[in-house]
Amino acid sequence: TLYVNDYLYYSNAFKECRAKFMIQDRNLGMTNALKNYLFKESGGLLSTCTQKNIVRANANNLFFDADIFFTLGKKTAEDLFALGARIDSVVPVGSLSMEHMGDIISQNDNNSKEIDILFIGINAVNENNEDRDGYYDSVKWLANLSIKLPNLGIFIKHHPSCNNDPIESEIVKNTNIKYIDKALNSYQPSFQSKLIITYGSTMGYELIGCGLKVLFFDPDQKSPFLISSLSGSKNTIYDYDAAQQMLSNIEEISIIKNKTDYCICNTDVARSIYQYLIKQEDK
């Protein structure tokens, strides 16, 4: 029934709306192979998709189908091919979400680092139990470290859409951790931080591309948010003792050198996509 509905819907839609290129902004890989086929049948040249998130290895909708995949970085699509993705061309362009942050990015070197550690959270309430355990263990690490290293200013920032999380609130209670107003744009405090830590936010990859110091916590070594090239790297922390050692001197934590593997620092992503497609049309 689902495929019949898709066929009828998209075949009629593409009769009324014809285009050379189709650009899809899909969360976590929800492309539609039938839609892409029908678009090409209607006269379309290329079906494309922009990368909005790091694709979780244990989630639904892992199969990508697109002629062109506009990715955050050079390596942020590699794991998809092991899952059988049909992608003809991978084109790293950067993050559309960060496109409007040009002023902040350009002022990166001049921004005062008022925050020692910023932990970018996820909406763990909506995750499955396995992912939640790893996330909450990460918060427990921070809670303990905020007490053992009271000289550090540790803050948590959630996206505006994040639900209230009683489990996280209980973990953080009676610690030195503070919250940043979730209504604020997350990129602003990120660029004011000496160190970014996350368990599973795509922003971690984006901020690597902008030259910020980023660590990934993976307490149970099961995080589905880590791409292969980060697994086992010195910027991924698997045990509490290593976390304490590194946070004891955050000035010595190194910036990832091959930052374009994770995100292209591009403040005009839309133009990059446009220019690439125009070249394809000329071919």
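In helix H9 (residues 240–247), the buried residues are Tyr240, Ala243 and Leu247. Around the axis these residues span an arc of only 60°, which places them on the same side of H9. The structure described here is a predicted model. An α-helix has 3.6 residues a turn, so residues three or four places apart point the same way. Asp241 and Gln245 are exposed, and they are carried by the face of H9 that is turned away from its buried side. The N-terminal end of H9 is capped by Asp239, a side-chain oxygen of which lies 3.2 Å from the backbone nitrogen of Asp241.

The loop between H9 and helix H10 (269–282) contains Asp261. With a relative accessible area of 10%, Asp261 is buried, because residues under 20% are counted in that class. When neighbours within four places in sequence are left aside, the contacts of Asp261 are with Gly73, Lys74, Lys75 and Thr76.

The model also contains an open sheet of 6 strands with parallel pairing, arranged in the order S7-S6-S5-S8-S9-S10. Strand S7 (178–180) and S10 are the edge strands, each of them pairing on one side only. Strands of a sheet pair through backbone hydrogen bonds, either parallel or antiparallel. In strand S5 (residues 115–120), 6 of the 6 residues are buried, so S5 is largely enclosed by the rest of the structure. S5 is joined to S8 by 5 bridges, and the two strands run parallel; in this pairing Ile120 stands opposite Thr198 in S8. S5 also pairs with strand S6 (residues 154–157) in the parallel sense, over 4 bridges, and here Leu118 stands opposite Phe155 in S6. Phe217 stands opposite Ile237 in S10.

A search of the whole structure for aromatic pairs finds 13. One of them is formed by Tyr10 and Phe14, whose rings are stacked at 6.0 Å centre to centre, with 20° between the planes. Both residues belong to helix H1 (residues 2–16), where Tyr10 and Phe14 are 4 residues apart, about one turn of the helix. Tyr10 is buried, with a relative accessible area of 16%, and Phe14 is likewise counted as buried, at 10% relative accessibility.

Another aromatic pair, that of Tyr199 and Phe225, is edge-to-face, at 5.8 Å centre to centre and with 70° between the planes. Tyr199 lies in the loop between strand S8 (193–198) and helix H8 (203–209), and Phe225 in the loop between strand S9 (214–217) and strand S10 (236–237), so the pair ties together parts that are 26 residues apart in sequence. Tyr199 is buried, its relative accessible area being 1%; Phe225 is also buried, with a value of 7%.

Terms used
Residues numbered from 1 in each chain as written. Predicted model: local features only at pLDDT ≥ 70, side-chain atom pairs only at ≥ 80, totals over all residues. Heavy atoms only, no water. Buried < 20%, exposed > 50% of the residue type's maximum accessible area, 1.4 Å probe, protein only. Arc of directions from axis to C-beta. Polar contact = N/O pair within 3.5 Å; in protein donor to acceptor, adjacent residues only side chain to side chain. Phe/Tyr/Trp six-rings, centres within 6.5 Å; stacked < 30°, edge-to-face > 60°. Contact = heavy atoms within 4.5 Å. Pairing = 2+ DSSP bridges.
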